[in-house]
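Welcome! Have a look at the structure first, then read on.

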Amino acid sequence: MPPRIEDVRHDAAALHRFIDSIASGCRVAEGYPSYAKSSTDFFEYIHLLGEKTKAFLARFVDDLDPQLAVDDPQDFYGRTQIIRNLRFNWFELHKLVKPALDADTLHVPCPLVDALTARLRMIHGLKNARFAVLHTNQLNYFQIGARGVRDFAAGIATIVPDAPPFPKNLGIIAHPYSQSSSIFLNFLLAHEMGHFAFQERREAKRILPGIAKSLKKSIKSLKKSTPSMNLGLRDPEWCRDRVLDWCEEIYCDL
């Protein structure tokens, strides 16, 4: 059943309130708590993106013709999917905001992050790299795929014409909230920065041809030496992806 104009207005209003709660929370004042410049850049981006999205939603609802729902329900339904797309992308960005707000300078080893970032910038192509840090309740360090975050941001920008661009050279890493003073364990942050480097330098594209060539050679050799062995190689893409995963982990360790 095609949505009614009242349903669309209700959904748009609910999304407007949701985005407003996120954007308003990202208006970080000077003083306490304080944040690294990369984190405040991330907050400013989310706040501006929220303001632009809210303005777009207001225009979208005002411009929507109620008669279209009667004359052409299919077209009307297609247009209202814009709200669903915006909701999905904002839900994903929303997951990052509270953990980032929790990661102020008193709860994150900022000098260590700065020192590791300075080392990372010595790598070709990463001289302007920087990181916003999140707090996580998981006892694990991880890097939020920068390209994934940018994809959600781009999903909003394709709908909201004047949406701001995602901050350049910005990576996002997660830090366990309980480990702010554990310097040796915090060196795992370097490994997570390695994932950022792997993605930004597009190392997978460079490594994959060698993996494919080596796998082909190894499989051929195994089949020749042990023709009766069930190698379980009916999915060579799975094998390729597993080797690539391990290559990335070794790359990050280095």
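A pocket here is an open set of grid points where a 1.4 Å probe fits, with protein on both sides within 12 Å along at least five of seven lines. Keep in mind that this is a predicted model. With that in hand, the largest pocket has a volume of about 370 Å³, and the second largest pocket holds about 210 Å³ of space.

**The largest pocket**

- Thirteen residues line the largest pocket, and the closest to its centre are Arg119, Leu120, Ile123, Ala190 and Leu254.
- Helix α8 provides the largest share of the lining, four residues.
- By class, the lining of the largest pocket divides into ten nonpolar residues, one polar and two charged.

**The second largest pocket**

- The lining of the second largest pocket is made of 19 residues, and those nearest its centre are Ala36, Ser38, Val113, Asp114 and Phe131.
- At least two lining residues come from each of α2 (37–63), α5 and β1 (130–136).
- Helix α5 gives the most here, with five residues.
- The classes in this lining are nine nonpolar, four polar and six charged residues.

**How α8 and α10 pack**

- Two packed helices are described by the angle between their axes and the distance between the axes.
- For α8 and α10, the angle is about 125° and the axes are 7 Å apart.
- These two helices are therefore oblique to each other.
- Helix α8 passes α10 in a right-handed crossing.
- On the α8 side, the contact is formed by Ala190, His191, Gly194, His195, Ala197 and Phe198, which meet Leu244, Glu248, Glu249, Tyr251, Cys252 and Asp253 of α10.
- The contact of α8 with α10 has six nonpolar, three polar and three charged residues.
- Ala190 links two topics, being among the residues closest to the centre of the largest pocket and also part of the α8 contact with α10.

**How α1 and α4 pack**

- Helix α1 (residues 5–25) packs with helix α4 (residues 73–102) at an angle of about 20°, and their axes are 10 Å apart.
- An angle under 35 degrees counts as roughly parallel, so α1 and α4 are roughly parallel to each other.
- Their crossing is left-handed.
- Among the α1 residues in this contact are Val8, Leu15, Phe18 and Ile22, while the α4 residues include Phe76, Ile83, Trp90 and Leu101.
- The contact of α1 with α4 has 14 nonpolar, three polar and two charged residues.

**How α2 and α4 pack**

- Helices α2 and α4 meet at an angle of about 160°, with their axes 12 Å apart.
- Angles over 145 degrees count as roughly antiparallel, so α2 and α4 are roughly antiparallel to each other.
- The crossing of α2 and α4 is left-handed.
- The α2 residues in this contact include Phe42, Phe43, Ile46 and Phe60, and the α4 residues include Ile83, Leu86, Trp90 and Leu101.
- The contact of α2 with α4 has 16 nonpolar, three polar and one charged residues.
- Trp90 of α4 takes part in the contact with α1 and also in the contact with α2.

Methods: Residues are numbered from 1 along each chain as its sequence is written. This is a predicted model: local features need pLDDT of at least 70, side-chain atom pairs count only at pLDDT 80 or more; totals for chains, interfaces and linings use all residues. Side-chain values use heavy atoms; hydrogens and water are left out. On a 1 Å grid over the protein atoms alone, a cavity is a set of points where a 1.4 Å probe fits but cannot get out, and a pocket is an open set with protein on both sides within 12 Å along at least five of seven lines; lining residues have an atom within 4 Å of a point. Grid points are joined across faces, edges and corners, and a volume is the space filled by probe spheres set on the points. Ala, Val, Leu, Ile, Met, Phe, Trp, Tyr, Cys and Pro count as nonpolar, Asp, Glu, Lys and Arg as charged, and the others, Gly among them, as polar. Axes are lines fitted to C-alpha atoms, for helices over the stretch in contact, and angles run from 0 to 180 degrees between N-to-C directions. Angles under 35 degrees count as roughly parallel, over 145 as roughly antiparallel, 65 to 115 as roughly perpendicular and the rest as oblique. A crossing is left-handed if the near helix is turned anticlockwise from the far one by less than a right angle, and right-handed if clockwise. Contact means heavy atoms within 4.5 Å.
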